[in-house]
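We will go stop by stop.

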Amino acid sequence: MLTTHHLHHLHHHRGSTAVELDKITNLNTLIVEINSHVALFRDMLIHVGQAKDCPELREKIRKLRRTCVEAFKHTAQILLPQVKSAMADGILTDNPHLVLMFYMAQLFLRELVKSYRLIQVVPMDMSGYYENRAGPSNLGNVISQILLCKQFTPDFNEEELCSITKDSQDIAVLLSELQEYMPQHEAYLERNAALDTTGPWQAKRRQNYICKNMSLLCCVSRPNYL
């Protein structure tokens, strides 16, 4: 027969379980969304320089890239504290969400490198697309035009390269943090299947890798068309 104490304990256990299930469900949703976003980003890049390439496509790519970055950051803010808490309690378990997020972030970083190179090789004239856009985002341009007494048109391609540089740095930092909690067997598979242990997958070396392969600009300002 269940006593009052047992009932209270059971209720508390069920409540904790429900909370944990909610957390897992939420993470599942976020991970699936990131996977979909990254896949779509890659698919859009395929059309750069092809018949479907146009200013509208470039704008969609830009917006989706920013969506991907924010989704990674948001999910990391939820996932990493849970992993760190478990580690602090001495719980060494493989976290499938963390492993998946690590691989997706790795893939996304490579797609960022590719998008950077594509913009360099196949720039797009966006002047006609942005010249009629109104709103707070153009305030900086209006002020510049008044002060300089001349027309000022932002260079979409140059600003996009700067923005991609900043996003790449953010994802590289995230990858470094995720890798600290990767299971040993996953790290082993990753090193032997895709990554060189002498390569850029330590925090400092990864940043050097990005700088070398993307010719990173020392520009971290927010593009004025965002």
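Start with the cysteines. Select Cys54: this residue is partly exposed, with a relative accessible area of 24%. Now select Cys162, which counts as buried at 9% relative accessibility. Buried means under 20% relative accessible area, exposed means over 50%, and partly exposed lies in between, using a 1.4 Å probe and protein chains only. How many disulfides are there? The count comes to zero, where a disulfide is a pair of cysteine sulfur atoms within 2.5 Å.

A word on the model before you go on. It is a predicted model: local features need pLDDT of at least 70, side-chain atom pairs count only at pLDDT 80 or more, and totals for chains, interfaces and linings use all residues. Residues are numbered from 1 along each chain as its sequence is written, and side-chain values use heavy atoms, with hydrogens and water left out.

Zoom out and show the cartoon. The protein has eight helices and zero strands. Helices (H or I, at least four residues) and strands (E, at least two) are DSSP runs, numbered from the N terminus. Of the 226 residues, 37% count as buried.

Next, select helix 2 (residues 55-88) and helix 6 (residues 156-179). Their axes lie 11 Å apart and pack at an angle of about 20°. Axes are lines fitted to C-alpha atoms, for helices over the stretch in contact, and angles run from 0 to 180 degrees between N-to-C directions. The two helices are therefore roughly parallel. Angles under 35 degrees count as roughly parallel, over 145 as roughly antiparallel, 65 to 115 as roughly perpendicular and the rest as oblique. Show side chains at the contact (heavy atoms within 4.5 Å). Among them are Arg58, Arg62 and Arg66 of helix 2, and Glu160, Asp167 and Asp170 of helix 6. By class, this contact has nine nonpolar, two polar and eleven charged residues. Ala, Val, Leu, Ile, Met, Phe, Trp, Tyr, Cys and Pro count as nonpolar, Asp, Glu, Lys and Arg as charged, and the others, Gly among them, as polar.

Last stop: Ala172, in helix 6. Ala172 is buried, with a relative accessible area of 1%. Draw a C-alpha to C-alpha line to Ala105: 8.3 Å in space, 67 residues apart in sequence.
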